[in-house]
Amino acid sequence: MSYNGGPMTEAMYYVLLALMNPNHGYQLMNAITEVSNGRLNMGPGTLYGVLSRMQKDGLISLAEDDGRRKTYSITDDGERALRIEYSRLMALVQDGMILKEGYENE
Amino acid sequence: MNKIVRKLRPSHYWRIGEHESWFADMAAEGLHLKKMGLHFAQFAKGEPKKMTYRIDVSLNKKISSEQKEMYAESGWNYVTSYGEFNVFASPVELNAPELHTDPAEQSYTLKKLDKKLAVNAVIVAVATILMLGMVSAIWFLDGTPTLVLIEGRMIQQTILTIYIVYLAYTSLQAAISIRALRNTLLEGKSINHNAPWKKHHRLTSIIAMIYIVILVLVVAPSFVQLGKSNTKTLPEVSADLPIVRLGDVEQNPELVRESSYIRDNIDWSNRYSYHWSLLAPIQFQSDEHGIVSNKMWEDGSGVYSPSVHTRVYQLSVPSMVESLISDLIKRYDLAHRGGDFINIEHTDFDVLIVHEVDEFKQVFVSKGKAVMHVRYYGYADISSVIESTAHKITLISE
(Lines give C-alpha, C1' and ligand atoms only; values in the text may rest on other atoms or scores of the structure.)
Protein backbone atom coordinates (compact mmCIF):
# COMPACT_ATOMS: atom_id res chain seq x y z
CA MET A 1 0.00 0.00 0.00
CA SER A 2 2.70 2.49 -1.00
CA TYR A 3 1.85 6.14 -0.71
CA ASN A 4 0.81 7.60 -4.04
CA GLY A 5 -0.01 11.14 -3.11
CA GLY A 6 -3.64 10.52 -2.25
CA PRO A 7 -5.34 11.44 1.02
CA MET A 8 -3.31 10.33 4.04
CA THR A 9 -4.67 8.34 6.92
CA GLU A 10 -4.94 10.24 10.16
CA ALA A 11 -2.16 8.09 11.61
CA MET A 12 0.23 8.96 8.77
CA TYR A 13 -0.55 12.65 8.98
CA TYR A 14 0.17 12.91 12.68
CA VAL A 15 3.29 10.76 12.60
CA LEU A 16 4.72 13.01 9.88
CA LEU A 17 3.70 16.05 11.83
CA ALA A 18 5.35 14.75 14.99
CA LEU A 19 8.49 13.82 13.05
CA MET A 20 9.13 17.44 12.06
CA ASN A 21 11.34 16.96 15.11
CA PRO A 22 13.37 13.74 14.92
CA ASN A 23 12.15 11.34 17.54
CA HIS A 24 11.99 7.68 18.55
CA GLY A 25 9.56 5.02 19.74
CA TYR A 26 7.88 5.82 23.02
CA GLN A 27 8.62 9.53 22.93
CA LEU A 28 7.17 9.73 19.48
CA MET A 29 3.87 8.38 20.83
CA ASN A 30 3.85 11.16 23.37
CA ALA A 31 4.78 13.70 20.73
CA ILE A 32 1.79 12.60 18.65
CA THR A 33 -0.54 13.02 21.61
CA GLU A 34 0.97 16.45 22.14
CA VAL A 35 0.83 17.61 18.53
CA SER A 36 -2.81 16.48 18.31
CA ASN A 37 -3.61 18.33 21.53
CA GLY A 38 -4.43 15.09 23.30
CA ARG A 39 -6.95 14.05 20.68
CA LEU A 40 -4.96 11.13 19.32
CA ASN A 41 -3.43 8.41 21.50
CA MET A 42 -1.70 6.20 19.02
CA GLY A 43 -1.02 2.60 20.04
CA PRO A 44 2.49 1.22 19.58
CA GLY A 45 1.26 -1.32 17.02
CA THR A 46 -0.28 1.32 14.82
CA LEU A 47 2.77 3.55 15.22
CA TYR A 48 5.20 0.78 14.31
CA GLY A 49 3.13 -0.12 11.25
CA VAL A 50 2.98 3.46 10.04
CA LEU A 51 6.70 4.00 10.65
CA SER A 52 7.83 0.92 8.75
CA ARG A 53 5.51 1.66 5.85
CA MET A 54 6.45 5.31 5.54
CA GLN A 55 10.13 4.44 5.78
CA LYS A 56 9.68 2.06 2.87
CA ASP A 57 7.88 4.80 0.95
CA GLY A 58 10.73 7.24 1.65
CA LEU A 59 8.56 9.71 3.56
CA ILE A 60 10.69 9.31 6.67
CA SER A 61 14.20 8.01 7.26
CA LEU A 62 16.37 6.73 10.05
CA ALA A 63 18.27 9.66 11.52
CA GLU A 64 20.12 7.60 14.04
CA ASP A 65 20.39 3.93 14.91
CA ASP A 66 22.49 3.08 17.91
CA GLY A 67 21.36 -0.53 17.67
CA ARG A 68 18.87 -0.27 20.50
CA ARG A 69 17.06 2.88 19.64
CA LYS A 70 16.03 4.08 16.20
CA THR A 71 15.46 7.79 15.70
CA TYR A 72 13.32 8.78 12.73
CA SER A 73 13.05 12.07 10.93
CA ILE A 74 10.95 13.33 8.06
CA THR A 75 12.52 13.40 4.57
CA ASP A 76 12.15 16.18 1.97
CA ASP A 77 9.64 13.98 0.16
CA GLY A 78 7.82 13.45 3.40
CA GLU A 79 7.65 17.14 4.18
CA ARG A 80 6.42 17.91 0.67
CA ALA A 81 3.71 15.25 1.00
CA LEU A 82 2.75 16.60 4.40
CA ARG A 83 2.42 20.16 3.07
CA ILE A 84 0.32 18.98 0.14
CA GLU A 85 -1.91 17.08 2.56
CA TYR A 86 -2.13 20.14 4.77
CA SER A 87 -3.28 22.30 1.83
CA ARG A 88 -5.79 19.62 0.91
CA LEU A 89 -7.17 19.52 4.43
CA MET A 90 -7.29 23.33 4.51
CA ALA A 91 -9.28 23.31 1.30
CA LEU A 92 -11.58 20.72 2.82
CA VAL A 93 -12.15 22.86 5.89
CA GLN A 94 -12.60 25.98 3.73
CA ASP A 95 -15.27 24.22 1.69
CA GLY A 96 -16.95 23.23 4.92
CA MET A 97 -17.36 26.85 5.96
CA ILE A 98 -20.85 26.95 4.49
CA LEU A 99 -21.90 24.71 7.34
CA LYS A 100 -20.79 27.36 9.80
CA GLU A 101 -22.58 30.16 7.90
CA GLY A 102 -25.69 28.01 7.63
CA TYR A 103 -25.61 27.51 11.36
CA GLU A 104 -25.21 31.25 11.96
CA ASN A 105 -28.08 32.10 9.62
CA GLU A 106 -30.45 30.02 11.69
CA MET B 1 10.80 -24.85 37.79
CA ASN B 2 7.14 -24.26 37.08
CA LYS B 3 4.97 -27.14 36.05
CA ILE B 4 4.21 -27.12 32.32
CA VAL B 5 0.65 -27.79 31.21
CA ARG B 6 -0.17 -28.57 27.59
CA LYS B 7 -3.56 -27.80 26.12
CA LEU B 8 -5.08 -28.34 22.72
CA ARG B 9 -5.58 -24.98 21.02
CA PRO B 10 -9.29 -24.14 20.90
CA SER B 11 -9.45 -23.16 17.25
CA HIS B 12 -7.45 -22.61 14.10
CA TYR B 13 -4.39 -20.39 14.36
CA TRP B 14 -5.89 -17.59 12.29
CA ARG B 15 -8.71 -16.91 14.79
CA ILE B 16 -6.92 -14.09 16.58
CA GLY B 17 -9.65 -12.87 18.92
CA GLU B 18 -10.50 -16.36 20.17
CA HIS B 19 -6.89 -17.07 21.03
CA GLU B 20 -6.52 -13.74 22.84
CA SER B 21 -9.53 -14.40 25.05
CA TRP B 22 -8.45 -18.02 25.60
CA PHE B 23 -4.99 -16.97 26.79
CA ALA B 24 -6.58 -14.41 29.14
CA ASP B 25 -9.03 -17.00 30.54
CA MET B 26 -6.19 -19.43 31.12
CA ALA B 27 -4.07 -16.79 32.90
CA ALA B 28 -7.03 -16.09 35.18
CA GLU B 29 -6.85 -19.79 36.12
CA GLY B 30 -3.11 -19.56 36.76
CA LEU B 31 -1.96 -20.96 33.44
CA HIS B 32 0.45 -18.54 31.80
CA LEU B 33 1.23 -18.99 28.13
CA LYS B 34 4.82 -19.94 27.39
CA LYS B 35 4.88 -21.45 23.92
CA MET B 36 2.57 -22.24 21.08
CA GLY B 37 2.97 -25.37 18.99
CA LEU B 38 1.10 -26.55 15.94
CA HIS B 39 -1.76 -28.04 17.94
CA PHE B 40 -0.85 -27.55 21.58
CA ALA B 41 -0.10 -24.53 23.73
CA GLN B 42 2.30 -24.77 26.65
CA PHE B 43 1.40 -23.00 29.85
CA ALA B 44 3.43 -22.54 33.02
CA LYS B 45 1.38 -23.18 36.16
CA GLY B 46 1.46 -20.22 38.52
CA GLU B 47 -0.66 -17.74 40.40
CA PRO B 48 -3.96 -16.71 38.79
CA LYS B 49 -3.57 -13.26 37.27
CA LYS B 50 -5.72 -10.93 35.27
CA MET B 51 -3.85 -10.49 32.00
CA THR B 52 -4.62 -8.99 28.63
CA TYR B 53 -3.26 -10.73 25.54
CA ARG B 54 -2.85 -9.32 22.09
CA ILE B 55 -1.79 -11.15 18.94
CA ASP B 56 0.00 -9.03 16.40
CA VAL B 57 0.75 -10.20 12.88
CA SER B 58 4.25 -9.20 11.80
CA LEU B 59 5.22 -8.47 8.23
CA ASN B 60 8.16 -10.83 8.39
CA LYS B 61 8.28 -14.31 9.84
CA LYS B 62 10.48 -13.04 12.65
CA ILE B 63 9.32 -9.98 14.53
CA SER B 64 11.94 -7.23 14.80
CA SER B 65 13.53 -6.41 18.13
CA GLU B 66 12.65 -2.77 17.49
CA GLN B 67 8.95 -3.67 17.41
CA LYS B 68 9.22 -5.77 20.56
CA GLU B 69 10.98 -2.94 22.34
CA MET B 70 8.48 -0.36 21.25
CA TYR B 71 5.65 -2.53 22.56
CA ALA B 72 7.53 -3.20 25.82
CA GLU B 73 7.89 0.55 26.40
CA SER B 74 4.11 0.76 26.31
CA GLY B 75 3.70 -2.12 28.74
CA TRP B 76 3.30 -5.04 26.32
CA ASN B 77 5.70 -7.89 26.91
CA TYR B 78 6.53 -10.33 24.18
CA VAL B 79 5.47 -13.89 25.06
CA THR B 80 5.90 -16.12 22.04
CA SER B 81 5.30 -16.48 18.32
CA TYR B 82 3.77 -18.97 15.95
CA GLY B 83 4.48 -18.21 12.34
CA GLU B 84 3.72 -14.55 11.72
CA PHE B 85 1.54 -14.40 14.81
CA ASN B 86 3.21 -12.77 17.83
CA VAL B 87 1.70 -12.87 21.28
CA PHE B 88 2.07 -9.96 23.71
CA ALA B 89 0.80 -9.76 27.26
CA SER B 90 0.16 -7.01 29.75
CA PRO B 91 -1.29 -7.11 33.27
CA VAL B 92 -4.81 -5.69 33.28
CA GLU B 93 -4.00 -3.30 36.16
CA LEU B 94 -1.27 -1.66 34.08
CA ASN B 95 -3.96 -0.40 31.70
CA ALA B 96 -1.55 -0.39 28.77
CA PRO B 97 -2.66 1.46 25.63
CA GLU B 98 -4.28 -0.71 22.95
CA LEU B 99 -1.63 -1.92 20.45
CA HIS B 100 -3.68 -0.93 17.45
CA THR B 101 -5.72 2.24 17.63
CA ASP B 102 -6.40 2.40 13.92
CA PRO B 103 -8.00 -0.72 12.35
CA ALA B 104 -7.36 0.51 8.82
CA GLU B 105 -3.65 0.83 9.58
CA GLN B 106 -3.72 -2.62 11.20
CA SER B 107 -5.12 -4.14 8.03
CA TYR B 108 -1.81 -3.29 6.32
CA THR B 109 -0.03 -5.66 8.72
CA LEU B 110 -2.07 -8.53 7.24
CA LYS B 111 -1.19 -7.74 3.63
CA LYS B 112 1.83 -10.01 3.34
CA LEU B 113 0.24 -12.87 5.26
CA ASP B 114 -2.89 -12.56 3.16
CA LYS B 115 -0.88 -12.90 -0.04
CA LYS B 116 1.13 -15.82 1.33
CA LEU B 117 -1.96 -17.72 2.44
CA ALA B 118 -3.65 -17.13 -0.90
CA VAL B 119 -0.66 -18.52 -2.83
CA ASN B 120 -0.49 -21.40 -0.37
CA ALA B 121 -4.14 -22.25 -0.83
CA VAL B 122 -3.77 -22.35 -4.62
CA ILE B 123 -0.69 -24.60 -4.50
CA VAL B 124 -2.27 -26.99 -2.00
CA ALA B 125 -5.49 -27.09 -4.00
CA VAL B 126 -3.65 -28.00 -7.21
CA ALA B 127 -1.53 -30.62 -5.43
CA THR B 128 -4.66 -32.11 -3.89
CA ILE B 129 -6.45 -32.33 -7.20
CA LEU B 130 -3.42 -34.09 -8.71
CA MET B 131 -3.28 -36.51 -5.80
CA LEU B 132 -7.01 -37.18 -5.99
CA GLY B 133 -6.62 -37.86 -9.70
CA MET B 134 -3.77 -40.28 -9.10
CA VAL B 135 -5.52 -42.19 -6.35
CA SER B 136 -8.83 -42.41 -8.17
CA ALA B 137 -6.99 -43.60 -11.29
CA ILE B 138 -5.55 -46.49 -9.31
CA TRP B 139 -8.97 -47.30 -7.92
CA PHE B 140 -11.09 -46.92 -11.00
CA LEU B 141 -9.05 -46.66 -14.19
CA ASP B 142 -9.18 -50.36 -15.01
CA GLY B 143 -12.55 -50.70 -13.27
CA THR B 144 -11.46 -53.08 -10.54
CA PRO B 145 -12.16 -51.25 -7.27
CA THR B 146 -12.99 -54.47 -5.38
CA LEU B 147 -9.63 -55.95 -6.22
CA VAL B 148 -7.84 -52.77 -5.09
CA LEU B 149 -9.89 -52.73 -1.90
CA ILE B 150 -9.27 -56.39 -1.11
CA GLU B 151 -5.55 -56.34 -1.78
CA GLY B 152 -5.48 -53.46 0.69
CA ARG B 153 -2.41 -51.84 -0.77
CA MET B 154 -4.22 -48.57 -1.46
CA ILE B 155 -6.07 -48.13 1.83
CA GLN B 156 -3.37 -46.07 3.53
CA GLN B 157 -2.74 -43.88 0.50
CA THR B 158 -6.46 -43.26 0.27
CA ILE B 159 -6.82 -42.31 3.93
CA LEU B 160 -3.76 -40.11 3.53
CA THR B 161 -5.42 -38.46 0.56
CA ILE B 162 -8.53 -37.78 2.60
CA TYR B 163 -6.31 -36.16 5.21
CA ILE B 164 -4.61 -34.05 2.56
CA VAL B 165 -8.00 -32.95 1.30
CA TYR B 166 -8.74 -31.82 4.84
CA LEU B 167 -5.43 -29.91 4.94
CA ALA B 168 -6.30 -28.24 1.64
CA TYR B 169 -9.66 -27.30 3.07
CA THR B 170 -8.08 -25.68 6.14
CA SER B 171 -5.52 -23.75 4.12
CA LEU B 172 -8.38 -22.45 2.00
CA GLN B 173 -10.21 -21.51 5.18
CA ALA B 174 -7.12 -19.72 6.49
CA ALA B 175 -6.78 -17.68 3.30
CA ILE B 176 -10.46 -16.74 3.31
CA SER B 177 -10.49 -15.85 7.01
CA ILE B 178 -7.44 -13.61 6.86
CA ARG B 179 -8.77 -11.90 3.74
CA ALA B 180 -12.08 -11.31 5.52
CA LEU B 181 -10.31 -9.98 8.61
CA ARG B 182 -8.25 -7.63 6.46
CA ASN B 183 -11.39 -6.25 4.88
CA THR B 184 -13.15 -5.89 8.23
CA LEU B 185 -10.21 -3.91 9.59
CA LEU B 186 -10.08 -1.79 6.48
CA GLU B 187 -13.70 -0.86 7.11
CA GLY B 188 -12.60 0.47 10.49
CA LYS B 189 -13.91 -2.36 12.66
CA SER B 190 -11.43 -3.69 15.17
CA ILE B 191 -10.79 -7.30 16.16
CA ASN B 192 -13.08 -8.65 18.87
CA HIS B 193 -10.53 -9.33 21.59
CA ASN B 194 -13.09 -11.16 23.72
CA ALA B 195 -14.32 -13.56 21.07
CA PRO B 196 -15.76 -16.70 22.70
CA TRP B 197 -13.51 -19.69 22.15
CA LYS B 198 -15.51 -22.51 23.76
CA LYS B 199 -17.69 -23.33 20.76
CA HIS B 200 -14.79 -23.97 18.41
CA HIS B 201 -12.95 -25.72 21.21
CA ARG B 202 -15.40 -28.61 21.14
CA LEU B 203 -15.20 -28.87 17.35
CA THR B 204 -11.39 -28.80 17.46
CA SER B 205 -11.37 -31.58 20.05
CA ILE B 206 -13.61 -33.72 17.86
CA ILE B 207 -11.38 -33.13 14.84
CA ALA B 208 -8.32 -34.02 16.93
CA MET B 209 -10.00 -37.31 17.89
CA ILE B 210 -10.76 -38.10 14.26
CA TYR B 211 -7.17 -37.21 13.44
CA ILE B 212 -5.89 -39.75 15.98
CA VAL B 213 -8.29 -42.44 14.76
CA ILE B 214 -7.13 -41.89 11.19
CA LEU B 215 -3.52 -42.10 12.31
CA VAL B 216 -4.19 -45.43 14.01
CA LEU B 217 -6.11 -46.64 10.96
CA VAL B 218 -3.17 -45.81 8.72
CA VAL B 219 -0.35 -46.96 10.93
CA ALA B 220 -1.68 -50.15 12.53
CA PRO B 221 -2.60 -52.04 9.32
CA SER B 222 0.67 -50.93 7.75
CA PHE B 223 2.61 -52.68 10.48
CA VAL B 224 0.45 -55.79 10.27
CA GLN B 225 0.85 -55.84 6.50
CA LEU B 226 4.59 -55.44 6.85
CA GLY B 227 4.76 -58.27 9.38
CA LYS B 228 2.49 -60.56 7.37
CA SER B 229 3.94 -60.05 3.93
CA ASN B 230 6.86 -61.90 2.47
CA THR B 231 8.18 -63.62 -0.63
CA LYS B 232 9.99 -66.95 -0.59
CA THR B 233 11.34 -69.46 -3.06
CA LEU B 234 8.82 -72.24 -3.70
CA PRO B 235 9.80 -75.44 -1.91
CA GLU B 236 9.80 -78.64 -4.01
CA VAL B 237 6.82 -79.93 -2.03
CA SER B 238 4.16 -77.70 -0.52
CA ALA B 239 1.17 -79.78 0.51
CA ASP B 240 -0.07 -77.18 2.97
CA LEU B 241 0.11 -74.14 0.66
CA PRO B 242 -3.07 -73.29 -1.31
CA ILE B 243 -1.07 -72.99 -4.51
CA VAL B 244 -1.44 -74.94 -7.72
CA ARG B 245 1.90 -76.62 -8.46
CA LEU B 246 3.29 -77.16 -11.91
CA GLY B 247 4.18 -80.77 -11.10
CA ASP B 248 0.57 -81.55 -10.19
CA VAL B 249 -0.68 -80.15 -13.48
CA GLU B 250 2.03 -81.61 -15.74
CA GLN B 251 2.25 -85.09 -14.12
CA ASN B 252 5.59 -85.59 -15.86
CA PRO B 253 8.61 -87.01 -13.93
CA GLU B 254 10.97 -85.39 -16.46
CA LEU B 255 9.88 -81.88 -15.39
CA VAL B 256 12.63 -79.88 -13.66
CA ARG B 257 12.60 -76.38 -12.26
CA GLU B 258 13.77 -73.54 -14.47
CA SER B 259 15.30 -70.62 -12.62
CA SER B 260 15.99 -67.48 -14.58
CA TYR B 261 16.03 -64.68 -12.06
CA ILE B 262 17.56 -65.05 -8.62
CA ARG B 263 17.96 -62.04 -6.35
CA ASP B 264 18.26 -61.70 -2.59
CA ASN B 265 18.37 -65.50 -2.39
CA ILE B 266 14.88 -65.70 -3.85
CA ASP B 267 14.17 -67.49 -7.12
CA TRP B 268 11.67 -65.02 -8.56
CA SER B 269 10.49 -67.35 -11.31
CA ASN B 270 9.64 -69.97 -8.70
CA ARG B 271 8.34 -68.03 -5.75
CA TYR B 272 5.32 -67.58 -3.57
CA SER B 273 4.34 -64.42 -1.75
CA TYR B 274 1.89 -64.03 1.03
CA HIS B 275 0.15 -60.87 2.05
CA TRP B 276 -2.43 -59.66 4.53
CA SER B 277 -5.23 -57.14 4.44
CA LEU B 278 -8.26 -56.52 6.61
CA LEU B 279 -10.64 -57.77 3.92
CA ALA B 280 -8.47 -60.66 2.78
CA PRO B 281 -6.41 -61.93 5.69
CA ILE B 282 -4.98 -64.77 3.61
CA GLN B 283 -3.49 -63.88 0.23
CA PHE B 284 -1.04 -65.88 -1.84
CA GLN B 285 0.59 -65.39 -5.19
CA SER B 286 2.93 -67.79 -6.88
CA ASP B 287 4.97 -68.21 -10.03
CA GLU B 288 6.48 -71.49 -11.15
CA HIS B 289 8.48 -72.31 -14.28
CA GLY B 290 9.63 -75.72 -15.40
CA ILE B 291 11.40 -77.35 -18.28
CA VAL B 292 11.18 -80.81 -19.88
CA SER B 293 14.43 -81.25 -21.76
CA ASN B 294 13.31 -84.16 -23.96
CA LYS B 295 10.22 -82.38 -25.24
CA MET B 296 9.85 -79.47 -27.67
CA TRP B 297 7.14 -76.83 -28.19
CA GLU B 298 5.12 -77.91 -31.22
CA ASP B 299 5.73 -74.65 -33.03
CA GLY B 300 9.45 -75.37 -32.86
CA SER B 301 10.24 -72.42 -30.64
CA GLY B 302 12.45 -74.50 -28.38
CA VAL B 303 12.44 -76.80 -25.39
CA TYR B 304 9.03 -77.30 -23.73
CA SER B 305 8.87 -74.95 -20.72
CA PRO B 306 5.43 -74.77 -19.05
CA SER B 307 4.58 -72.32 -16.31
CA VAL B 308 1.83 -71.69 -13.80
CA HIS B 309 0.77 -68.58 -11.91
CA THR B 310 -1.65 -68.61 -8.96
CA ARG B 311 -3.51 -65.90 -7.06
CA VAL B 312 -5.37 -66.83 -3.90
CA TYR B 313 -7.62 -64.82 -1.62
CA GLN B 314 -9.51 -65.82 1.49
CA LEU B 315 -12.02 -63.08 2.17
CA SER B 316 -13.32 -61.98 5.54
CA VAL B 317 -16.52 -60.74 3.86
CA PRO B 318 -17.74 -63.67 1.72
CA SER B 319 -20.31 -61.52 -0.07
CA MET B 320 -17.46 -59.82 -1.94
CA VAL B 321 -16.51 -63.04 -3.72
CA GLU B 322 -18.50 -62.36 -6.86
CA SER B 323 -17.27 -58.84 -7.49
CA LEU B 324 -13.70 -59.95 -6.76
CA ILE B 325 -13.95 -62.63 -9.46
CA SER B 326 -15.36 -60.19 -11.95
CA ASP B 327 -12.57 -57.70 -11.11
CA LEU B 328 -9.92 -60.42 -11.50
CA ILE B 329 -11.32 -61.31 -14.90
CA LYS B 330 -11.35 -57.66 -15.88
CA ARG B 331 -7.75 -57.11 -14.88
CA TYR B 332 -6.28 -60.38 -16.15
CA ASP B 333 -8.53 -61.06 -19.15
CA LEU B 334 -5.69 -60.93 -21.70
CA ALA B 335 -8.35 -60.09 -24.25
CA HIS B 336 -5.79 -59.89 -27.07
CA ARG B 337 -5.54 -63.67 -26.99
CA GLY B 338 -9.21 -63.97 -27.84
CA GLY B 339 -11.27 -66.90 -26.63
CA ASP B 340 -14.34 -66.97 -24.42
CA PHE B 341 -14.85 -66.98 -20.69
CA ILE B 342 -17.03 -70.00 -20.07
CA ASN B 343 -19.03 -70.48 -16.91
CA ILE B 344 -19.07 -74.16 -15.97
CA GLU B 345 -21.14 -75.92 -13.32
CA HIS B 346 -18.83 -77.94 -11.11
CA THR B 347 -19.52 -79.76 -7.85
CA ASP B 348 -16.17 -78.72 -6.33
CA PHE B 349 -16.72 -74.97 -6.83
CA ASP B 350 -19.35 -72.31 -6.31
CA VAL B 351 -18.10 -70.59 -9.45
CA LEU B 352 -15.84 -71.89 -12.18
CA ILE B 353 -14.95 -69.77 -15.16
CA VAL B 354 -12.61 -71.13 -17.77
CA HIS B 355 -10.67 -69.29 -20.45
CA GLU B 356 -8.68 -71.43 -22.86
CA VAL B 357 -6.83 -70.51 -26.03
CA ASP B 358 -4.47 -73.22 -27.32
CA GLU B 359 -1.73 -73.82 -24.74
CA PHE B 360 -2.86 -70.81 -22.68
CA LYS B 361 -5.39 -71.69 -19.98
CA GLN B 362 -6.77 -69.85 -17.02
CA VAL B 363 -9.45 -70.54 -14.44
CA PHE B 364 -11.26 -68.20 -12.05
CA VAL B 365 -12.89 -70.09 -9.21
CA SER B 366 -14.54 -69.56 -5.86
CA LYS B 367 -15.61 -71.81 -3.06
CA GLY B 368 -16.94 -70.56 0.27
CA LYS B 369 -14.88 -67.51 1.08
CA ALA B 370 -11.95 -68.51 -1.12
CA VAL B 371 -11.19 -67.12 -4.58
CA MET B 372 -8.45 -68.39 -6.87
CA HIS B 373 -7.10 -67.40 -10.22
CA VAL B 374 -4.81 -69.92 -11.91
CA ARG B 375 -3.07 -69.24 -15.18
CA TYR B 376 -1.26 -72.08 -16.88
CA TYR B 377 0.84 -72.15 -20.01
CA GLY B 378 1.55 -75.62 -21.36
CA TYR B 379 0.14 -78.74 -22.98
CA ALA B 380 -1.56 -80.35 -19.97
CA ASP B 381 -5.32 -80.55 -20.25
CA ILE B 382 -7.50 -77.87 -18.63
CA SER B 383 -9.12 -80.61 -16.54
CA SER B 384 -5.76 -81.19 -14.88
CA VAL B 385 -5.64 -77.50 -13.90
CA ILE B 386 -9.21 -77.62 -12.61
CA GLU B 387 -8.52 -80.76 -10.60
CA SER B 388 -5.44 -79.29 -8.92
CA THR B 389 -7.30 -76.08 -8.19
CA ALA B 390 -10.23 -77.99 -6.69
CA HIS B 391 -7.83 -79.85 -4.45
CA LYS B 392 -6.05 -76.69 -3.26
CA ILE B 393 -9.06 -74.46 -2.72
CA THR B 394 -10.39 -76.77 0.00
CA LEU B 395 -7.40 -75.70 2.13
CA ILE B 396 -8.81 -72.20 2.56
CA SER B 397 -12.49 -72.32 1.59
CA GLU B 398 -13.68 -72.70 5.19
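## Contact between chains A and B

In this predicted model, 16 residues of chain A are in contact with 21 residues of chain B. On the side of chain B that touches chain A, helix H2 (65–73) and helix H3 (103–109) of chain B each supply at least two residues. The largest share of that side comes from H2(B), with six residues.

By class, the residues of chain B on the side that touches chain A comprise eight charged, seven nonpolar and six polar.

## Helix packing in chain A

Within chain A, helix H1 (residues 10–18) packs against helix H2 (residues 25–35). Their axes are 9 Å apart and meet the description of an angle of about 105°. Angles of 65 to 115 degrees count as roughly perpendicular, and H1(A) and H2(A) are therefore roughly perpendicular to each other.

H1(A) contributes A:Tyr14, A:Val15, A:Leu17 and A:Ala18 to this contact, while H2(A) contributes A:Leu28, A:Ala31, A:Ile32 and A:Val35. The contact of H1(A) with H2(A) has eight nonpolar residues, with no polar and no charged residues.

## The sheet of chain A

Chain A also contains an open sheet of three strands, arranged in the order S1-S3-S2 with antiparallel pairing. Strand S1 (23–24) and strand S2 (60–65) of chain A are the edge strands, each pairing on one side only.

Five bridges join S2(A) to strand S3 (residues 70–74) of chain A in the antiparallel sense. A:Glu64 stands opposite A:Thr71 in S3(A).

Note on methods
Residues numbered from 1 in each chain as written. Chains lettered and ligands numbered in written order. Predicted model: local features only at pLDDT ≥ 70, side-chain atom pairs only at ≥ 80, totals over all residues. Axes fitted to C-alpha atoms, helices over the stretch in contact; angles between N-to-C directions. Helix = DSSP H or I, 4+ residues; strand = E, 2+ residues; numbered from the N terminus. Parallel < 35°, antiparallel > 145°, perpendicular 65-115°, else oblique. Contact = placed C-beta atoms within 7 Å. Nonpolar A, V, L, I, M, F, W, Y, C, P; charged D, E, K, R; others polar. Pairing = 2+ DSSP bridges.
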